[in-house]
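This briefing covers aromatic contacts and a nonpolar surface patch. Please look over the sequence and the model before reading on.

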Amino acid sequence: MADSGKMVETPAQSRVAPAAKPAQSKATKVHYPFWFGGSASCFAAGVTHPLDLVKVRLQTRAPDAPKTMIGTFGHIVKNNGFLGLYSGLSAAILRQMTYSTTRFGIYEELKSRFATPSPNSSSSSPGLLTLVGMACASGFIGGIAGNPADVLNVRMQSDAALPPHQRRNYRHAFHGLVQMTKTEGFGSLFRGVWPNSTRAVLMTASQLASYDTFKRLCMEKAGMKDNLGTHFTASFMAGFVATTVCSPVDVIKTRIMSASHAESAGHNMLGLLRDICRKEGLAWTFRGWVPSFIRLGPHTIATFLFLEEHKKLYRRLKGI
């Protein structure tokens with residue numbers, strides 16, 4: 001009877017064991033801090049800022065300015081020294097703290113809320129169309145939040161290329177915010193907000209949604225592990241997609257933000273677009289594509305590598 005009693009308890013015990021698995025799955029679903037994306041983007045901006053500076057200089061160059069990326073690098077170092085490559089870095093960091101923190105934070109929050117249980121993992125990422133919709137919404141809000149810092153970023157990067165009497169000479173990002181508000185009014189902080197928000201929508205959709213999609217394909221179709229090689233591959237492809245999709249809007253945004261108050265008076269986005277097409281043809285749409293990719297590719301790779309390391313360290317600290 002004792003033996004039969006033991007035989008009865010064994011299936012019961014086996015029924016109890018699987019009941020612990022859902023609790024374990026729930027424990028592995030981690031809710032990361034909102035600011036992780038902004039922090040990772042700030043680290044990436046510190047690495048890739050010289051490339052961003054060259055891209056802006058090429059998009060706003062004067063007729064007699066160097067036309068190549070190498071020539072622009074040399075011109076900056078010759079005239080402004082090595083530290084000239086980091087002109088406007090404070091505005092770039094402020095931009096990432098506002099723009100990237102907002103878009104990454106909202107996107108990751110939405111993605112975690114819409115994730116569905118998966119038999120092979122703790123959760124399954126939403127489909128491509130759902131990811132694109134989430135990315136578009138978060139990118140639009142991020143574009144508005146980061147617009148003042150983006151205007152400063154463009155102005156501070158292009159300032160040294162202007163004639164001395166046209167330079168604004170902002171000492172740092174906060175000095176620029178005060179000066180812009182004093183001399184041009186509060187509305188100047190949101191100059192170019194619509195092309196910038198449009199670019200942010202395209203950037204977030206083509207960067208974040210494509211990264212998640214490429215990462216999933218690498219792991220599910222190519223048999224790759226969730227490691228550094230997969231993160232690098234997915235972020236490289238996401239950078240290529242983002243650069244191509246965003247190039248035309250990026251040129252328009254840079255032109256509007258770098259213009260003075262007098263130059264921008266009476267010009268809306270459609271008027272500027274018409275003038276550019278009449279003067280430069282359709283070649284303007286991909287002006288600065290190579291430096292944009294050389295900047296955005298490493299920036300995208302660095303951002304996602306830093307973000308994945310943030311998440312890995314967080315899981316380790318939490319004992320997950």
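Is tryptophan 194 buried or exposed? Tryptophan 194 is exposed, with a relative accessible area of 55% (buried is under 20%, exposed over 50%, partly exposed in between; 1.4 Å probe, protein chains only). The model is predicted, so local features need pLDDT of at least 70 and side-chain atom pairs pLDDT 80 or more, while totals for chains, interfaces and linings use all residues. Residues are numbered from 1 along each chain as its sequence is written, and side-chain values use heavy atoms, without hydrogens and water.

**Surface**
- Tryptophan 194 sits in helix α8 (residues 193–220); helices are DSSP runs of H or I with at least four residues, numbered from the N terminus.
- Phe140, Ile141 and Trp194 make a nonpolar surface patch of about 320 Å².

**Aromatic pairs**
- The whole structure holds 14 aromatic pairs (ring centres within 6.5 Å; planes under 30 degrees apart are stacked, over 60 edge-to-face, the rest tilted).
- Phenylalanine 36 and tyrosine 314 are edge-to-face, because their ring centres are 5.7 Å apart and their planes at 90°.
- This pair ties together parts 278 residues apart in sequence, because phenylalanine 36 lies in helix α2 (residues 36–59) and tyrosine 314 in helix α12 (residues 289–318).
- Phenylalanine 36 is buried, at 7% relative accessible area.
- Phenylalanine 236 and phenylalanine 293 have ring centres 5.9 Å apart and planes at 80°, so this pair is edge-to-face.
- Phenylalanine 236 is partly exposed at 39% relative accessible area, whereas phenylalanine 293 is buried at 16%.

**Cluster**
- Tyr32, Trp35, Phe36 and Tyr314 form one aromatic cluster.

Terms used
Patches are made of residues with over 30% relative accessible area and no salt bridge: like charges are joined within 9 Å, nonpolar side chains (Val, Leu, Ile, Met, Phe, Trp, Tyr) within 5 Å. Accessible areas come from the Shrake-Rupley method with a 1.4 Å probe; for residues, only the protein chains shown count as cover. A salt bridge is a side-chain nitrogen of Lys or Arg within 4 Å of a carboxyl oxygen of Asp or Glu. Helices (H or I, at least four residues) and strands (E, at least two) are DSSP runs, numbered from the N terminus. Rings of Phe, Tyr and Trp (its six-membered ring) pair if their centres lie within 6.5 Å; planes under 30 degrees apart count as stacked, over 60 as edge-to-face and the rest as tilted.
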